[in-house]
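Please look over the structure below before reading the briefing. The notes are grouped by topic.

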Amino acid sequence: MHTANGNYFASIGIDTANSSAILCTETGAMLEAHKFNEKVTHCMCLVRDENSPYKVLSPCGVQVAVTMDHGG
């Protein structure tokens with residue numbers, strides 16, 4: 001995530017056996033930006049399997065809603 005102050009925050013997504021405990025990949029970065037009272041202006045998600053090239057994904061619907069409420 002990129003903020004209005006020019007900072008970047010990154011987070012990771014992890015696989016878990018309990019699908020009800022999965023969080024969006026962007027959650028950690030959004031919480032870090034919020035902790036430092038930074039306005040998020042851009043969000044991008046990169047994913048890949050162990051032997052695959054990176055793929056760029058759009059933020060999930062939850063992340064879009066959170067960014068609209070707490071970002072730009």
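Buried means under 20% relative accessible area, exposed over 50%, and partly exposed in between, with a 1.4 Å probe and protein chains only. The model is predicted: local features need pLDDT of at least 70, side-chain atom pairs count only at pLDDT 80 or more, and totals for chains, interfaces and linings use all residues. Residues are numbered from 1 along each chain as its sequence is written, and side-chain values use heavy atoms, with hydrogens and water left out.

**Cysteines**
- The structure holds zero disulfides, a disulfide being a pair of cysteine sulfur atoms within 2.5 Å.
- The closest cysteine sulfur to that of Cys-43 belongs to Cys-45 and is 7.3 Å away, too far for a bond.
- Cys-43 is partly exposed because its relative accessible area is 23%.
- Cys-45 has a relative accessibility of 6% and so counts as buried.

**Nonpolar core**
- The largest nonpolar core has six residues: Met-1, Phe-9, Ala-29, Met-30, Ala-33 and Val-40.
- Such a core is a set of buried Ala, Val, Leu, Ile, Met, Phe, Trp, Tyr and Cys residues joined through side-chain atoms within 4.5 Å.
- Leaving aside neighbours within four places in sequence, Met-1 is in contact with residues including Phe-9, Ala-29, Met-30, Val-40 and Cys-43; contact means heavy atoms within 4.5 Å.

**Exposed strand residue**
- Val-56 lies in strand β4, residues 55-57 (strands are DSSP runs of E, at least two residues, numbered from the N terminus).
- Val-56 counts as exposed because its relative accessibility is 57%.

Note on methods
Helix = DSSP H or I, 4+ residues; strand = E, 2+ residues; numbered from the N terminus.
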